[in-house]
Structure formats: structure tokens, C-alpha cells
Amino acid sequence: MSTSPTERRTTSAAAASACRTDAPGAGAAPVLPRPAPRTPGRATGGSARPRHWLRAGWMMTASGWSANQFSALLGAYRGDLGLTTATTTALFAVYVLGLIPGLLLGGPLADRRGRRPVVYTALATAAVATCLLMAGPVAAWLLWPGRFLTGLGAGALLTAGSVWIKELSSAPHDPSTAPGTAARRSGLFLSAGFASGGLAAALIAQWAPYPMITAYVPHLVLSAVAAAAAGRAPETVRTRSAHRPAAHEAPPTTHDHASRGGGASFRRLIAPVAPWVFAAPTIAFVTLPGLVGARLDGWQTVYAGVATAVTPGAGLLVAPLARRLAARHRLATAVTGLAAVALGLLVGALAVMAVQPALALAAAAVLGAGYGLCVAYGLTEVAALAPPHRLARLTARFWTLAYLGFFAPYGVTLLSALWSPQAILAAAALLAVLTLGAVARAARRERL
């Protein structure tokens with residue numbers, strides 16, 4: 001298509017005008033397009049969007065680390081400080097006594113005061129707890145408040161921190177996040193701390209001097225790094241009024257019927273499974289290493305650290321399986337998880353009877369898989385059953401029931417005065433099967 005000479009002259013003049021500048025003496029120097037102004041949190045000129053959720057996530061890793069660093073040192077406390085098995089397992093269980101109020105109070109405080117103050121207070125509490133544990137070789141009684149404060153800090157950080165990461169993984173901070181990503185991010189950071197904290201503490205305790213002091217140093221370093229990283233993450237709670245329903249929204253009373261139905265389903269379908277979430281892994285890395293330690297010849301601490309890493313590691317690996325099972329049937333994840341727990345307990349009973357550490361490690365992996373499937377089922381069902389105004393409350397109830405499983409090693413120790421450990425583990429396997437049957441019967445009653 002041809003153009004007339006007049007049109008060509010007009011086009012050339014416009015192009016020349018666009019290349020001129022108004023600055024004196026600039027001549028015909030071309031002017032580059034002015035860049036668009038940068039907007040906080042928006043990728044501009046190829047720069048990546050700030051990952052605020054990543055900055056806050058390391059605090060969850062520090063929390064998981066603090067929870068499990070003590071577990072790998074139970075054998076060292078028995079051997080070096082002369083503490084009995086009942087005392088060490090009771091110290092392990094004291095963690096739950098602090099954890100439950102932390103879980104129940106952390107969320108409401110974070111809603112009123114903001115995420116950052118509660119998370120920082122929880123992280124500082126866990127650091128103080130670690131300092132008390134480091135003083136344990138000098139004054140063993142300090143181990144008790146140290147474990148209690150560890151649980152208190154972990155509980156508050158679990159609730160407030162997971163909500164903070166969820167909000168930082170959503171608009172306006174990260175509007176491109178796919179549904180469900182926030183929960184996976186929180187779980188990944190927390191499980192990474194669970195898996196690495198115990199292993200690192202065990203390796204340091206095996207070869208470093210003053211093992212029950214130096215083994216806790218990495219947690220203090222990690223806490224300082226996590227606090228510095230989270231300092232650049234924005235607060236997501238502005239005013240208390242932001243949490244109140246707007247005038248045009250339906251009041252919470254419209255969900256009363258759903259709330260009652262959700263509560264009944266919670267009691268029948270979720271509550272029986274919840275204690276197995278942590279009963280399975282704590283038996284794996286607290287009870288089994290002590291029962292097969294006679295064959296370890298001085299490697300008890302390292303073995304306990306490996307078991308502490310293998311168990312939650314297996315829970316992470318079954319996450320894709322949990323999603324596929326949930327897509328097939330609503331109860332498939334729970335059924336498979338409880339079956340894995342029962343199988344792991346039976347394998348653990350055989351390992352104890354034959355005093356085989358390798359077989360006990362295999363049992364820990366199976367129990368870890370059961371843990372991963374059960375926790376995935378519980379959180380998914382809570383999200384499906386709870387109306388919006390009860391989601392936080394029902395989630396806290398689930399975690400409270402789940403952490404009751406931390407008392408399982410202490411229960412095994414007490415019952416060992418009456419029955420052999422392998423008989424107790426076999427009975428626990430039967431109890432897991434009975435739980436599976438009760439949940440399946442409840443599901444048939446609700447026509448799931």
C-alpha cells in the first residue's frame with residue numbers, strides 16, 4: 001500500500017519531533033522512554049517480586065528445630081546426667097503442657113495485636129528455653145521450665161506464624177499464589193526444622209566438646225537469622241475493625257447449623273485420628289531408639305538423630321500421595337495413614353523383639369509416612385467442615401488433640417513395668433486398626 005509524499009513528510013516530521021529534547025543545547029539527542037514508576041511488591045524491569053513469605057518462613061523452621069533438638073539428646077541425658085528413662089520421656093512430654101496454651105492463645109493474640117509481635121515474642125521465648133536447656137548439665141531442674149517454654153513458644157509460633165505466612169502468600173503481597181500453596185509453605189518450613197534440628201543436635205553431641213551445651217548453639221544462631229529475615233516482612237494486621245464482618249455480610253449466626261454439623265463430624269471423623277498424628281512419630285524417634293540401643297555400641301546419639309530426621313522426612317515424601325488419595329475418596333488418606341501407623345508399630349515391635357536397629361529405622365520411616373498422611377487428612381477435613389468464623393478455633397482444637405500424641409512415649413515407658421515393650425507396640429497397632437474401623441463406620445453413618 002503506497003503513501004503520498006505529503007503523508008511521508010508528515011510522518012518523518014513527527015518522528016523527528018519525538019526524538020528532540022527541550023533541554024537547551026541538547027540538539028537532536030534522542031530521548032529514551034521514561035521508565036514506569038516502581039510500585040512496592042510489583043515486579044518491574046525484570047526484578048522479582050519480594051518474597052515476604054520466605055522471610056517469615058524461617059521462623060517456622062527455627063520453631064521446628066527447637067522442638068526436636070532435645071529429642072535426639074535423650075540418650076545423652078540418660079548416659080551423661082544419669083537421668084532415668086521415665087524422667088527423660090516425662091521431660092519430652094512436658095513440651096506439650098506448654099504447647100497447648102501456646103496454641104490456644106497465640107491465634108487470638110495475633111488477631112488483636114498483630115502477627116509480628118506474637119511471632120517475635122514466641123521466637124524469643126523459644127530462645128530463652130534453649131538457654132535454660134544449655135544450663136541443664138549444671139542444674140538439671142532447669143530442664144523442666146526449659147521444655148515447658150519450648151512448647152509455649154512453639155505453640156504460639158505455630159498458630160500466629162502459619163497465619164502470617166498464609167497472608168503473605170496472598171494478595172496484595174503475592175496475588176499469583178495458587179490455592180493451597182500457603183499451607184504447603186508453612187508445613188515445609190516447619191517439617192524442615194523438625195527433620196534437621198534433631199539430626200544436627202545429634203551430630204554435634206557425638207563429636208563436639210560439651211555436647212549438651214554446644215548442641216543447642218545452632219538454634220540460637222538460626223533464631224537470630226530468622227528474626228533478622230522476618231524484620232523485612234510486612235505486618236498483615238492493620239486494625240481490629242478489619243476482622244469484623246461488614247454490614248452487608250451475613251452474620252455468623254447463619255452458620256449455626258453448619259457449625260453444629262461440623263462439630264459432630266469433627267468428633268466422629270477427625271478427633272479419633274488426631275492423636276495419631278504425633279503419637280506415631282514420637283514413638284519412632286523417642287521410644288524405638290532407646291529399645292534397640294544395645295546393638296549401637298556408642299552410636300546411640302547419632303542413631304537417634306537419624307531417626308529424628310527420617311521420620312518427618314518420610315512425612316514430607318508422602319505429600320503427593322496424600323493429594324492423590326484425597327482426590328479419590330474423602331477418607332482414603334485417613335485409612336491409608338492409620339494403616340501405615342499400624343504397620344509401623346508392628347514392624348517396630350519386631351525390631352524391639354529382635355533388637356535390630358535397622359528394622360527400627362524402617363519402622364520409623366513407615367510411622368513417618370503415617371504421620372504425614374494423618375496430618376494431611378486432618379487439616380483438609382477441618383478446612384472442609386468449619387465455617388469461616390470457626391476455622392481458626394477448629395484448627396486449634398485439631399492441633400491440641402494431635403499434640404496429645406506426644407505423651408505416647410511416656411505411656412509406653414509407664415506400661416513397660418507391666419508388659420514387654422513389643423507387646424505394648426503390638427497393642428498400639430491394634431488400637432490404630434480399631435480407630436480406622438471407628439472412622440470408617442462414622443463415615444458410613446454420614447454417607448460419605
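**Overall build**

- Among contacts in the protein chain with a separation of 6 or more, 81% are between residues 24 or more positions apart.
- The protein chain exposes about 21300 Å², and 66% of that area comes from carbon and sulfur atoms.

**Nonpolar cores**

- In soluble globular proteins, nonpolar side chains tend to be buried together.
- The largest nonpolar core here has 102 residues.
- Leu345, Phe398, Trp399 and Tyr403 have the most contacts inside this core.
- When neighbours within four places in sequence are left aside, Leu345 is in contact with Trp276, Ile283, Leu367, Leu425, Ala428 and Ala429.
- A second, separate core has six residues, among them Val318, Ala322, Ala332 and Leu373.

**Aromatic pairs**

- A search of the whole structure gives 14 aromatic pairs.
- One of them joins Trp399 and Tyr403, with ring centres 6.0 Å apart and planes at 40°, so this pair is tilted.
- Trp399 and Tyr403 both sit in helix H16 (residues 391–403), where four residues, about one turn of the helix, separate them.
- Both of these residues, Trp399 and Tyr403, are buried.
- Ring pairs also link a cluster made up of Phe92, Tyr95, Phe278, Phe285, Tyr371, Phe398, Trp399, Tyr403 and Phe406.

**Salt bridge**

- Side chains of opposite charge can pair when their charged atoms come close.
- The search of the whole structure finds one salt bridge.
- Its partners are Glu381 and Arg330, whose closest N and O atoms are 2.8 Å apart.
- Glu381 belongs to helix H15 (residues 357–385), while Arg330 is in the loop between helix H13 (319–328) and helix H14 (332–354), so the bridge ties together parts 51 residues apart in sequence.

**Positive phi angles**

- Most residues other than glycine have a negative phi.
- Tyr210 has a positive phi, near 50°.
- Tyr210 lies in the loop between helix H7 (181–207) and helix H8 (211–214), and is exposed, with a relative accessible area of 64%.
- Val355 also has a positive phi, near 50°, and is located in the loop between H14 and H15.

**Confidence**

- The protein chain has a mean pLDDT of 80, and 78% of its residues reach 70 or more.
- Confidence is highest in H14, at a mean of 96, and lowest in helix H1 (residues 5–19), at 45.
- Residues 1–47 have a pLDDT below 50, and this stretch has 20 contacts in the model beyond near neighbours in sequence.
- Residues 239–261 are under 50 as well, with 11 contacts beyond four places in sequence.
- Where pLDDT is low, the predicted coordinates should not be read in detail.

Note on methods. Residues are numbered from 1 along each chain as its sequence is written. Side-chain values use heavy atoms; hydrogens and water are left out. A salt bridge is a side-chain nitrogen of Lys or Arg within 4 Å of a carboxyl oxygen of Asp or Glu. Helices (H or I, at least four residues) and strands (E, at least two) are DSSP runs, numbered from the N terminus. Rings of Phe, Tyr and Trp (its six-membered ring) pair if their centres lie within 6.5 Å; planes under 30 degrees apart count as stacked, over 60 as edge-to-face and the rest as tilted. Buried means under 20% relative accessible area, exposed over 50%, partly exposed in between (1.4 Å probe, protein chains only). Contact means heavy atoms within 4.5 Å. Accessible areas come from the Shrake-Rupley method with a 1.4 Å probe; for residues, only the protein chains shown count as cover. A nonpolar core is a set of buried Ala, Val, Leu, Ile, Met, Phe, Trp, Tyr and Cys residues joined through side-chain atoms within 4.5 Å. pLDDT is the predictor's confidence in each residue, from 0 to 100.
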